[in-house]
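Subject: Structure handover and notes

Dear colleague,

Please find the structure below, followed by my notes on what was found in it.

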Amino acid sequence: MPVTVVRLNLVDPAATPGSLSARYRAAVEMAAYADEQGVDTVQTEEHHGSADGWLPAPLVFAGAVLGATRRITVTVSALITPLYDPLRLAEDIAVLDLVSGGRLVTVAGIGYRPEEYAAHGRDWAGRGALQDEALETLLAAWTGEPFRHRGRTVRVTPRPATRPHPPLLVGGSSRPAARRAARLGLPFFPSAHLPELEEYYHARRAEYGTEGWCLMPPESTPLLHVAEDPDRVWAEYGHHLLHEARTYASWQPEGVRSAVRSRAADAAALRAEGVYRVLTPGECLAYAAEDGGRTSLVLHPLCGGMPVEEAWRSLRLFAERVLPRLEDSGRGSSPVRGAGGGGI
């Protein structure tokens, strides 16, 4: 049965400090409501220096959501790990793991925007080595034992609650990302439906003698909005969906693959394309049942600066008219299924 996901990245191109503060508070309230209603996962992501306020601090936001909820999983997809001090990152994730009882899932991405590295004083050309160091440091730090780091012996305490360590996946759409995951014995999360990359990952695992698994996005991973009248939503709010689609596409260099990349130039083309979909509750249920049943349903209520009241309408329709009719058996069996494509 499909895993249900609420995606929250807090984008708003017309925000003021006051309106953005209200949007953040609403997002945490939506996460709490989703938790109460039985949604499986809140998914968030990371970008820096975007004029529309795209969320730059996903672990801080994840902490707020985890503190306001009791059972829902929070997936950061993806955290741009080379931008962080790896020891401090190990501490932050350990604390969130302890606070949440293991409900934080981190997808470690390398990023694809050189300007984000420049802003943080990181070497874009050396991003692979930075990613290696970050992941190796996290795994060593979470043992709770002393280890060597940058020429000195260090120890990170407290240890996380989750054994052997908090859920950590390696994201990406390249062979180096797959090799890195295989070498470290970590699960691999391709950023798009790339079966040949999954095969490569498992072949490298066999060579390294490590264990692991691949969380492969389906060929289609549309972002959903639920409404009684989709025509009204497209007419009144289609520009919000288009804003996010075009912004995200503008960041994608050649060779980077994403499950939610759009090529639409206007709202009409975006609607026809199907990457972003506005569905009635009945259409959402029909979509969930297509092809023998979808692996995930990704609701994106605040997409692209969507007004908070419209976002609440979408979320409540989903909770009241879609969730009760999805079969309960099998839902939520894996906390990272349906983590949502893109953002890696």
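The second largest cavity holds about 30 Å³ of space, where a cavity is a set of points, on a 1 Å grid over the protein atoms alone, at which a 1.4 Å probe fits but cannot get out. The grid points are joined across faces, edges and corners, and a volume is the space filled by probe spheres set on the points. This is a predicted model, in which local features need pLDDT of at least 70 and side-chain atom pairs count only at pLDDT 80 or more, while totals for chains, interfaces and linings use all residues. Residues are numbered from 1 along each chain as its sequence is written, and side-chain values use heavy atoms, with hydrogens and water left out.

The lining of this second largest cavity, meaning the residues with an atom within 4 Å of a point, consists of L223, L224, H225, L241, Y276, R277, H300 and C303. Strands (E, at least two residues) and helices (H or I, at least four) are DSSP runs numbered from the N terminus. By class, the lining divides into five nonpolar, two polar and one charged residues; here Ala, Val, Leu, Ile, Met, Phe, Trp, Tyr, Cys and Pro count as nonpolar, Asp, Glu, Lys and Arg as charged, and the others, Gly among them, as polar.

Six nonpolar, four polar and one charged residues make up the lining of the largest cavity.

R294 counts as buried because its relative accessible area is 16%, and buried means under 20% (exposed is over 50%, partly exposed in between, with a 1.4 Å probe and protein chains only). Leaving aside its neighbours within four places in sequence, R294 is in contact (heavy atoms within 4.5 Å) with M1, P2, Y287 and A288. A polar atom of the side chain of R294 also lies 3.2 Å from the backbone oxygen of Y287.

S100 is found in helix 3 (residues 86-100), and S100 is buried too, with a relative accessible area of 7%. A polar atom of its side chain lies 2.7 Å from the backbone oxygen of L96.

In helix 6 (residues 175-184), the buried residues are A177, A178, R180, A181, A182 and L184. These pack against helix 5 (127-141), strand 7 (168-172), strand 8 (188-190) and helix 7 (195-208), and just after helix 6, G185 takes a positive phi of about 70°.

Finally, the largest nonpolar core has 73 residues, with L104 and F318 making the most contacts inside it; such a core is a set of buried Ala, Val, Leu, Ile, Met, Phe, Trp, Tyr and Cys residues joined through side-chain atoms within 4.5 Å. A second, separate core of 24 residues includes W54, L242, Y248 and L270.

With best wishes

Key: On a 1 Å grid over the protein atoms alone, a cavity is a set of points where a 1.4 Å probe fits but cannot get out, and a pocket is an open set with protein on both sides within 12 Å along at least five of seven lines; lining residues have an atom within 4 Å of a point. A polar contact is a pair of N or O atoms within 3.5 Å; within protein, one must be able to donate a hydrogen and the other to accept it, and residues adjacent in sequence count only if both atoms are side-chain atoms.
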